[in-house]
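Here are a few friendly notes to read alongside the model. Take them one point at a time, with the structure open beside you.

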Amino acid sequence: MEDFKKALEGTLGRKHIDNIVDQVAGSPDRFDALYTLTQHEETKIAWHATWACEKLSILLPSLLMDKREELMLRAMQCPHDGTRRLLLNILHHLPVPKPVNAAFFDFCLQGMLSSAESTSGQAVCMKLAYDICLEEPELTGELKAYLENMEPEYYTVAVQCARNNILKKIRK
């Protein structure tokens with residue numbers, strides 16, 4: 001864990017993160033040491049560790065499958081925008097757990113509308129809400145109503161694009 005901590009303390013670029021991801025991919029038993037650092041008291045270390053875990057969620061989603069509920073709780077409580085966005089991205093890369101977490105669905109609906117949320121955070125909240133609707137189709141009407149009632153001019157082009165793409169999928 002100390003070698004990951006030391007690597008995550010400094011200024012990191014994608015190459016550094018990719019190196020950490022490669023180390024864990026080569027030795028999955030090292031994942032727990034990295035994952036523990038996602039909750040480090042130093043924001044920078046936690047953020048960087050979460051970034052590496054986000055990359056691992058694409059490469060080796062099985063490492064994070066049993067952490068989905070915990071990740072949802074952490075995302076809902078996370079004060080750091082960058083870390084929250086990464087936690088949401090991790091969840092977007094993983095299958096939606098059954099039964100669906102209703103509090104997390106509500107969080108996603110609120111997050112996609114919140115002006116306090118970053119553009120990328122709003123977009124990933126929309127995508128996660130849609131992912132949840134794929135598992136629980138009876139929630140689709142609620143998501144559709146939220147999306148149709150959004151005032152597009154109050155949102156960035158990226159959020160408008162995510163909204164339009166999801167509405168197209170819902171209307172098929």
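**A buried asparagine and its surroundings**

1. Let's begin with Asn89, which counts as buried because its relative accessibility is 17%, below the 20% cut-off for that label. Please keep in mind that this is a predicted model. Asn89 sits in helix α6. Setting aside neighbours within four places in sequence, Asn89 is in contact with Glu54 and Val124.

2. Helix α6 (residues 81–93) lies against helix α8 (residues 119–135) at an angle of about 25 degrees, and their axes are 10 Å apart. The two helices are therefore roughly parallel to each other, since angles under 35 degrees count that way. The crossing in which α6 passes α8 is left-handed.

3. Which residues make this contact between α6 and α8? From α6 come Arg85, Leu88, Asn89, Leu91 and His92, while α8 supplies Ser120, Gly121, Val124, Cys125, Lys127, Leu128 and Asp131. Sorted by class, the contact of α6 with α8 has five nonpolar, four polar and three charged residues.

4. Now turn to another pair, α5 and α7. These helices pack at an angle of about 40 degrees, with their axes 10 Å apart, and are therefore oblique to each other. Their crossing is left-handed. Met72, Ala75 and Met76 of α5 meet Ala103, Phe104 and Phe107 of α7. By class, this contact of α5 with α7 has six nonpolar residues, no polar ones and no charged ones.

5. Arg68 is worth a look while you are at α5, as its place is in that helix (residues 68–77). Is Arg68 buried or exposed? With a relative accessible area of 17%, Arg68 is buried. Beyond its neighbours within four places in sequence, Arg68 is in contact with Leu91, Leu94, Pro95, Val96 and Pro97. Pro97 is 29 residues away from Arg68 along the chain, yet their C-alpha atoms are separated by 7.3 Å.

6. Finally, consider helix α9 (residues 140–149), where Thr140, Leu143 and Leu147 are buried. Viewed down the axis of α9, its buried residues fall within an arc of 65 degrees, so they line one face of the helix. What do the buried residues of α9 pack against? Their partners are α7 (102–113), α8 and α10 (157–171).

How values were computed: Residues are numbered from 1 along each chain as its sequence is written. This is a predicted model: local features need pLDDT of at least 70, side-chain atom pairs count only at pLDDT 80 or more; totals for chains, interfaces and linings use all residues. Side-chain values use heavy atoms; hydrogens and water are left out. Axes are lines fitted to C-alpha atoms, for helices over the stretch in contact, and angles run from 0 to 180 degrees between N-to-C directions. Helices (H or I, at least four residues) and strands (E, at least two) are DSSP runs, numbered from the N terminus. Angles under 35 degrees count as roughly parallel, over 145 as roughly antiparallel, 65 to 115 as roughly perpendicular and the rest as oblique. A crossing is left-handed if the near helix is turned anticlockwise from the far one by less than a right angle, and right-handed if clockwise. Contact means heavy atoms within 4.5 Å. Ala, Val, Leu, Ile, Met, Phe, Trp, Tyr, Cys and Pro count as nonpolar, Asp, Glu, Lys and Arg as charged, and the others, Gly among them, as polar. Buried means under 20% relative accessible area, exposed over 50%, partly exposed in between (1.4 Å probe, protein chains only). The arc is that of the directions from the helix axis to the C-beta atoms.
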